Amino acid sequence: MSISTGVHAVGASHPRSTAATAEPAVVRWTLIGVSLLFLGLFLVIPLAAVFVQAFEKGIAAYFRSLVDPDALSAIRLTLLVAAVAVPLNTVFGVAAAWAITKFEFVGKNLLITLIDLPFSISPVVAGLVFVLLFGRQGWLGPWVEAHNLRVIFAVPGILLATVFVTFPFVARELIPLMQAQGTEEEEAARLLGASGWQTFWHVTLPNIKWGLLYGIVLCNGRAMGEFGAVSVVSGHIRGHTNTMPLHVEILYNEYSVAAAFAVASLLAALALVTLVLKSVLQWKVARQLAQAGE
């Protein structure tokens, strides 16, 4: 079949495909209206309620809630946990994605399965796992006590739980991107005499930068907002082991509603910033995947 014939064939089939997917205007607007109504009821209104409740007693009361010593301690701990967990998971995610997409080795499918494990396990169960490992009656409990270490009901336990629930995010964003890009550019760099480190810095990393940043943003958002696993291992020690989500729960249970919503509004604001960054980076990643497929 000639090129012109193929073009005419594609053109002839286009009206049928368009007609097959076209819907009446009333159907389209109904679907759009239902979607907007759903988002308004379950996303926009609850989010707006958080900020309304946070400022209910005035701006002065709002900022007093945020500069309270326990609130500042929770904010500092949340930032510390994110500052440790995100770089660790970034290194792991890049290494795992590199290994999975660039090499063939025994246990590759097992590694992919293990990366997805935190997605299938409840965060509460993940926290209990660390209690069984490092708690006083746990498998490693006697060794931890013998060396005068504190893991459970201390910052190390919170770090371990957070790293566990967030480690898939960077790897899972990079694997499909690196698979779409293939290995041709790395192979060309090696043929030209580049070392493995040079190939990574000058070829692989520039190609995955937007996907990497996207994974980091998601990882950071989950690290700051994690509740279930951290709640189990933290011990809820006020001013010491409470992160922002745990501090919000304590304030709300004590009927300090305005203070609870003030801290919650800070978390919500961080989530909105994360969402904006996620949208921008998602567009960048989609564009990069499209270029890789051309």
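Student: Is Phe-153 buried, partly exposed or exposed?

Tutor: Buried means under 20% relative accessible area, exposed over 50%, and partly exposed in between, with a 1.4 Å probe and protein chains only. Phe-153 has 41% relative accessibility, so Phe-153 counts as partly exposed. Please note that this is a predicted model, in which local features need pLDDT of at least 70, side-chain atom pairs count only at pLDDT 80 or more, and totals for chains, interfaces and linings use all residues. Residues are numbered from 1 along each chain as its sequence is written, and side-chain values use heavy atoms, with hydrogens and water left out.

Student: How many residues of helix H14 are buried?

Tutor: Helix H14 (residues 244-253) is mostly covered, with 7 of its 10 residues buried. Among them are Met-244, Leu-246 and Ile-250. Just after H14, Tyr-255 takes a positive phi of about 65°.

Student: Which residues does Thr-78 touch?

Tutor: Contact means heavy atoms within 4.5 Å. Leaving aside residues up to four places away in sequence, Thr-78 touches Met-224, Thr-243 and Met-244. Thr-78 is in helix H4 and, at 1% relative accessibility, counts as buried.

Student: At what angle do helices H4 and H10 pack?

Tutor: Axes are lines fitted to C-alpha atoms, for helices over the stretch in contact, and angles run from 0 to 180 degrees between N-to-C directions. Helix H4 (residues 69-102) and helix H10 (residues 168-181) pack at about 30°, with their axes 8 Å apart. Angles under 35 degrees count as roughly parallel, over 145 as roughly antiparallel, 65 to 115 as roughly perpendicular and the rest as oblique. H4 and H10 are therefore roughly parallel to each other. Residues in this contact include Gly-93 and Ala-97 of H4 and Leu-174 and Met-178 of H10.

Student: How many salt bridges are there?

Tutor: Side chains of opposite charge can pair when their charged atoms come close. A salt bridge is a side-chain nitrogen of Lys or Arg within 4 Å of a carboxyl oxygen of Asp or Glu. By this rule the count is 7. In one of these, the closest N and O atoms of Asp-116 and Arg-172 are 2.8 Å apart. Asp-116 lies in the loop between helix H5 (108-115) and helix H6 (117-120) and Arg-172 in helix H10, so the pair ties together parts that are 56 residues apart in sequence. Asp-116 is partly exposed at 26% relative accessibility, and Arg-172 is partly exposed at 28%.

Student: Which residues are linked in a network of salt bridges?

Tutor: The network links Asp-70, Arg-238 and Glu-254. Within it, Arg-238 forms a salt bridge with Glu-254, the closest N and O atoms being 2.7 Å apart. Arg-238 lies in the loop between helix H13 (228-234) and H14, and Glu-254 in the loop between H14 and helix H15 (257-293), so the pair ties together parts that are 16 residues apart in sequence.

Technical notes. Helix = DSSP H or I, 4+ residues; strand = E, 2+ residues; numbered from the N terminus.
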